[in-house]
Amino acid sequence: MPSSESAQWSDASARDAHFMRLALAQAEHARAAGEVPVGAVVVLGNEVVAVGYNHPIVAHDPSAHAEMVALREAAQVLGNYRLPGCELYVTLEPCLMCSGAIMHARVSRVVYGARDPKTGACGSVVDVFAETRLNHHADVQGGVLEAECASTLSSFFAARRQAAKADRAVQAGSSAAGSHAVGSAAAAGRGPDAVSDTIPDPVSPTLKKAP
């Protein structure tokens, strides 16, 4: 639902920081769902018309990046597949897919937080919005609350790596215990099948590439 923002800002940077913090709040919804924490908001004037957060795994939808979700909602709210005059705030530099959707929606301005050196399409890997042969060029500003946005992502992946390490340690312990049980069973005249239920299936943590 749209929400009116009545606050007045001392300058443009304070306004950008305000809306980026709203995008960061959306990123926390993604984290809570076990997804890479990226959030976005679409703003028209000083009014938030749509929000979105990254959840492609939960939605079984490879296009469910934060930007795409917010753009879809904004189009429904405004009753138009074009979003002229709208600004998109997102915590991570948009990828090629999202940049294409931003262009098709005719979003006027894109503001992002952390740069994405692997899939960023606003200058980090490619610069779609600087391509003169394309027929729409949104204004782009990166690095707004960059440290906070980057920290949101790095803390998520650090926790994921720690969880994966813990899983491997549990697996190693279980495998060692299972091997000991197999040896004991063989000595007692029973084959490995007698103790196979004590050995858990391998666990492979699901890792998702950042959008």
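## Overall layout

Along the sequence, the elements of the chain come in the order β-α-β-β-α-α-β-α-β-β-α. That gives five helices and six strands. The model is a predicted one.

The chain has 211 residues, and 39% of them are buried. Among contacts in the chain with a separation of 6 or more, 61% are between residues 24 or more positions apart.

Helix α4 covers residues 96-105. Its buried residues are Cys98, Ser99, Ala101, Ile102, Met103 and Ala105. The elements that cover these buried residues include the helix α3 (66-78) and the strands β4 (86-92) and β5 (109-114).

Just after α4 comes arginine 106, with a positive phi of about 60°. Arginine 106 is not a glycine, and its place is in the loop between α4 and β5. With a relative accessible area of 23%, arginine 106 is partly exposed, because that value lies between the limits of 20% for buried and 50% for exposed.

## How α3 packs on α4

Two packed helices are described by the angle between their axes and by the distance between the axes. For α3 and α4, the angle is about 20° and the axes are 9 Å apart. The two helices are therefore roughly parallel, since angles under 35 degrees count as such. The crossing of α3 and α4 is left-handed.

On the α3 side, the residues that take part are Glu67, Met68 and Leu71. They meet Met97, Cys98, Ala101, Ile102 and Ala105 of α4. Sorted by class, this contact has seven nonpolar residues, one charged residue and no polar residues. Of the α4 residues in the contact, Cys98, Ala101, Ile102 and Ala105 are also among the buried residues of that helix.

## Cysteines

A disulfide is a covalent bond between the sulfur atoms of two cysteines. How many disulfides does a search of the whole structure find? The search finds zero. Cysteine 95 is in no disulfide, and the nearest cysteine sulfur, that of cysteine 98, lies 3.8 Å away.

Cysteine 95 has a relative accessibility of 8% and so counts as buried. Cysteine 149 is buried as well, with a relative accessible area of 1%. Cysteine 98, in helix α4, is another buried residue.

Valine 58 is part of helix α2. In sequence, valine 58 and glycine 34 are 24 residues apart, while their C-alpha atoms are 8.6 Å apart in space. Once neighbours within four places in sequence are set aside, valine 58 is in contact with Ala33 and Glu35.

Helix α2 covers residues 56-59, and histidine 60 lies in the loop between α2 and α3. Histidine 60 is not a glycine, yet its phi is positive, at about 55°. Is histidine 60 buried or exposed? Its relative accessibility is 72%, so histidine 60 counts as exposed.

Definitions and conventions
Residues are numbered from 1 along each chain as its sequence is written. This is a predicted model: local features need pLDDT of at least 70, side-chain atom pairs count only at pLDDT 80 or more; totals for chains, interfaces and linings use all residues. Side-chain values use heavy atoms; hydrogens and water are left out. Buried means under 20% relative accessible area, exposed over 50%, partly exposed in between (1.4 Å probe, protein chains only). Helices (H or I, at least four residues) and strands (E, at least two) are DSSP runs, numbered from the N terminus. Contact means heavy atoms within 4.5 Å. A disulfide is a pair of cysteine sulfur atoms within 2.5 Å. Axes are lines fitted to C-alpha atoms, for helices over the stretch in contact, and angles run from 0 to 180 degrees between N-to-C directions. Angles under 35 degrees count as roughly parallel, over 145 as roughly antiparallel, 65 to 115 as roughly perpendicular and the rest as oblique. A crossing is left-handed if the near helix is turned anticlockwise from the far one by less than a right angle, and right-handed if clockwise. Ala, Val, Leu, Ile, Met, Phe, Trp, Tyr, Cys and Pro count as nonpolar, Asp, Glu, Lys and Arg as charged, and the others, Gly among them, as polar.
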